[in-house]
Amino acid sequence: MSFVKLSASALAIAAVSATTAAARDNVQVAGSSTVLPYASIVAELFGENTDFPTPVVESGGSSAGLKRFCEGVGENTIDIANASRAIREKEIKACAENGVTDIMEVRIGYDGIVFASQQTGPAFTAFEPADIFNALGAKVLKDGEVVDNPYTTWAEFNPELPDVEIAGFIPGTKHGTREVFEEKVLLIGCEATGAMEAMIAGGMSEDDAEDACLAVRTDGKAVDIDGDYTETLARIDTNPNGIGIFGLAFYENNTDKLKVATMSGIAPSTETISTGEYPVSRPLFFYVKKAHIGVIPGLKEYAQFFTHDEIAGASGPLANYGLVADPELAKTQDAIANEVTMGSGS
Amino acid sequence: MTDASMQSPETGHRSVSLTVADAHTKKRANAEKRFRAYGIVAIATGLFFLIVLFASILSQGIPAFQRTVVSVDFTLSAAQRDEAESTLFKTKAYSNLFIAQLSKELEDQGISVDFDEAAIERLLGKIGGTIRTYYADNPGKLGDPVKFDLAASSRVDGYFKGRVSRDTLQDSRFLQLSDLDLVDALKQAGIIKQAFNWPFITGADSGVDNPGGAGIGASVIGSFFMMLVVLGLSLPIGVAASIYLEEFAPQNRFTDLIEVNISNLAAVPSIVFGILGLAVFIQFMHLPQSAPLVGGLVLTLMTLPTIIISTRASLKAVPPSIRDAALGVGASKMQAVFHHVLPLAAPGILTGTIIGLAQALGETAPLLLIGMVGFVARGYPDGFLAGFTEPNSAMPAQIYTWAARADVGFYEKAWGGIIILLMFLLTMNIIAIILRRRFERRW
């Protein structure tokens with residue numbers, strides 16, 4: 001009998017504790033796996049340097065994070081969504097439908113996207129967007145005609161590139177990085193090779209031609225990587241001819257295995273990215289639910305700590321890890337201090 | 001042997017001699033020999049892969065249990081502490097104080113290598129937190145020299161472990177070739193040395209720029225609380241369900257349906273339980289995210305079928321004569337089950353439960369969806385009850401997280417984590433085997 005009593009009381013205690021614990025005292029963050037490293041650095045420092053508990057940062061991708069962010073307001077929803085792209089109209093609408101109306105957008109800095117191959121592999125040292133498009137695009141321009149991508153080696157369209165099999169490992173569609181790759185490399189390459197013009201001349205509307213430009217070949221020469229950069233690195237490790245797409249920070253942490261190629265003649269580095277010379281970069285964001293400020297302790301402080309000059313500035317730990325500091329950081333700091341939300345005019 | 005050849009219709013007449021094997025016997029004997037050889041090859045292949053697996057896990061994971069430390073005396077005055085505490089980035093201030101003091105000390109010692117404070121900074125890991133925590137806990141030590149063992153940076157650690165060599169090192173803001181001369185000099189002076197990596201076993205997860213500070217301890221605790229939930233729920237539910245199904249339930253279509261479904265559930269991919277957990281426990285029941293309670297509930301769903309199936313098997317293994325005898329002397333059905341059948345089946349039930357728990361302990365997929373991957377295992381829970389609800393990770397999820405990080409130091413930690421996880425699994429399986437050996441009765 002006493003066992004029954006004991007287990008009943010244990011269950012009761014567990015139930016009570018489950019309900020009391022709903023009063024959350026730590027900041028809950030989720031989203032982009034590109035922002036995750038930076039967010040984890042800040043979260044650890046925030047816990048070490050303030051009296052607030054260390055925030056929880058989950059990964060899962062920009063879209064998944066924003067989806068959870070937009071599930072509603074309340075302690076069982078996340079407070080901050082990390083994103084490696086700006087929030088979309090559609091997502092703002094979905095947020096509003098669930099009562100998440102006041103969203104603060106915080107830009108934390110820039111991330112460079114680099115093309116790298118095996119350190120000891122063939123000499124992939126310089127790319128133009130056109131090269132990448134010719135190698136990985138679904139339809140390319142050959143002899144004045146738009147055809148399904150016929151190329152099997154890099155030298156077929158650019159004799160300066162190594163005469164080896166094309167193998168590109170690109171981020172999967174759930175990654176924010178994919179969008180940057182499409183817009184800043186494929187589209188530019190499509191225009192540069194004249195394929196886009198030819199498509200429009202062939203009777204496509206401009207939108208259709210743009211979509212066709214962004215399509216990636218599906219014959220196995222371009223491989224979508226849905227996991228992290230570690231997976232891309234593993235694929236490059238086993239394939240000397242492979243070209244992979246990495247974040248600058250990831251590449252800088254693995255320079256002993258990877259060699260990077262220039263894009264349009266510019267080598268990627270924090271300097272060339274912050275000046276805008278290196279073409280393939282994108283801003284990184286996090287989004288704060290204003291309704292949670294004052295409810296979840298430490299939320300505003302976390303946002304302020306994250307964007308403080310000593311953290312996100314050019315000599316802070318984030319820049320040291322590979323984030324390209326935002327020259328307009330002061331503006332962001334003001335916006336957080338005043339809790340400026342998106343679409344409130346400023 | 002000859003019996004069989006006599007009976008076979010082809011060999012109508014008897015063989016010449018019993019001592020000389022005929023062709024057919026030889027053929028059968030050879031077939032048996034070949035089959036044995038196949039068996040040995042199969043086992044050898046299995047063993048080979050096991051050895052390769054263990055060798056690679058051990059060779060990659062053992063270094064995680066060693067760390068490189070900078071071991072020096074450090075004195076912090078109360079004034080310095082107050083100044084550091086007044087800044088925003090306090091840990092950085094502590095770290096700067098340490099670097100300045102070490103740099104001065106090395107100059108006084110007249111170390112033969114040129115260096116500057118930036119070089120020392122590159123050699124050190126994230127040390128500010130360790131120093132700040134120490135003085136917060138021991139304010140009485142202010143002003144006295146304290147011997148600190150502080151983590152060296154990931155690359156210096158790699159240099160000691162052979163991951164980084166002078167030939168492959170490329171100058172970067174993380175480490176420069178000239179720094180290695182300083183490392184060698186400090187090693188000579190006994191300032192930088194290797195030590196057993198206690199923080200790896202007892203510590204919590206760290207930021208991606210701090211592999212030296214990452215430990216698996218917090219996620220072991222997370223796993224522990226999840227296993228408590230799994231044990232507390234799946235054992236009573238599983239045993240009650242199997243006793244009812246096996247001993248009391250009528251045999252009809254409905255119970256058949258339940259049986260089929262239990263077998264089906266056992267084969268459902270674990271990620272499905274993760275999706276279910278997200279939808280039911282977090283989105284519908286509003287249980288806290290990333291909590292071991294939710295992880296435990298999800299793993300309970302996954303473990304239940306395993307426990308039910310093994311419990312029913314061990315109940316079935318109890319001979320009916322035991323039940324008949326009990327009923328025969330006037331015991332009620334329930335008395336027969338609880339006084340006689342269940343105790344005899346207990347070793348089998350326990351074995352099944354432990355194996356089910358071991359399976360749940362190593363499961364990652366369902367945890368991906370309920371928020372246990374990322375930077376989650378940040379510290380120990382505040383108390384026993386908080387352990388169920390405070391965000392925490394689990395061992396396999398922590399290993400997965402580390403394996404995806406850019407710094408090679410974390411990759412090593414992931415392998416080290418695998419060793420610890422395997423030790424837990426091995427222990428549980430050994431307990432299961434001992435229980436079975438000691439208590440199981442065969443009829």
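Student: What makes helix α5 and helix α6 of chain A roughly perpendicular?

Tutor: In this predicted model, helix α5 (residues 129–136) and helix α6 (residues 176–193) of chain A pack at an angle of about 90°, with their axes 7 Å apart. Angles under 35 degrees count as roughly parallel, over 145 as roughly antiparallel, 65 to 115 as roughly perpendicular and the rest as oblique, so α5(A) is called roughly perpendicular to α6(A). The axes are lines fitted to C-alpha atoms, for helices over the stretch in contact, and the angles run from 0 to 180 degrees between N-to-C directions. The helices themselves are DSSP runs (H or I, at least four residues), as strands are (E, at least two), and both are numbered from the N terminus.

Student: Which residues make that contact, and how many of them are nonpolar, polar or charged?

Tutor: With contact meaning heavy atoms within 4.5 Å, α5(A) contributes residues including Pro129(A), Ile132(A) and Phe133(A), while α6(A) contributes residues including Phe181(A), Val185(A) and Leu186(A). By class, the contact has eleven nonpolar, three polar and no charged residues. Here Ala, Val, Leu, Ile, Met, Phe, Trp, Tyr, Cys and Pro count as nonpolar, Asp, Glu, Lys and Arg as charged, and the others, Gly among them, as polar.

Student: Before we go on, how are the residues and chains labelled, and which parts of the model count?

Tutor: Residues are numbered from 1 along each chain as its sequence is written, and chains are lettered from A and ligands numbered from 1 in the order in which they are written. As the model is predicted, local features need pLDDT of at least 70 and side-chain atom pairs count only at pLDDT 80 or more, whereas totals for chains, interfaces and linings use all residues, and side-chain values use heavy atoms, with hydrogens and water left out.

Student: At what angle do helix α3 and helix α4 of chain B cross, and which residues meet there?

Tutor: The axes of helix α3 (residues 78–85) and helix α4 (residues 90–109) of chain B come within 8 Å and cross at roughly 145°. Gln80(B), Arg81(B), Ala84(B) and Glu85(B) in α3(B) meet Lys90(B), Ala93(B), Tyr94(B) and Leu97(B) in α4(B), a contact with four nonpolar, one polar and three charged residues.

Student: Why is Thr332(A) called buried?

Tutor: Buried means under 20% relative accessible area, exposed over 50% and partly exposed in between (1.4 Å probe, protein chains only), and Thr332(A), with a relative accessible area of 8%, is therefore buried. Thr332(A) sits in helix α15 (residues 329–337) of chain A and touches Val106(A), Arg107(A), Thr307(A) and Asp326(A), leaving aside residues up to four places away in sequence.

Student: And why is Arg68(A) called buried?

Tutor: Arg68(A) has a relative accessible area of 18%, so Arg68(A) is buried as well. Arg68(A) is found in helix α3 (residues 62–69) of chain A, and its contacts, again without residues up to four places away in sequence, are Ala30(A), Glu58(A), Ile78(A) and Gln289(B).

Student: How do you know that Lys300(A) and Glu339(A) form a salt bridge?

Tutor: A salt bridge is a side-chain nitrogen of Lys or Arg within 4 Å of a carboxyl oxygen of Asp or Glu, and the closest N and O atoms of Lys300(A) and Glu339(A) are 3.1 Å apart. Lys300(A) lies in helix α12 (residues 299–306) of chain A and Glu339(A) in the segment after α15, so the pair ties together parts that are 39 residues apart in sequence.
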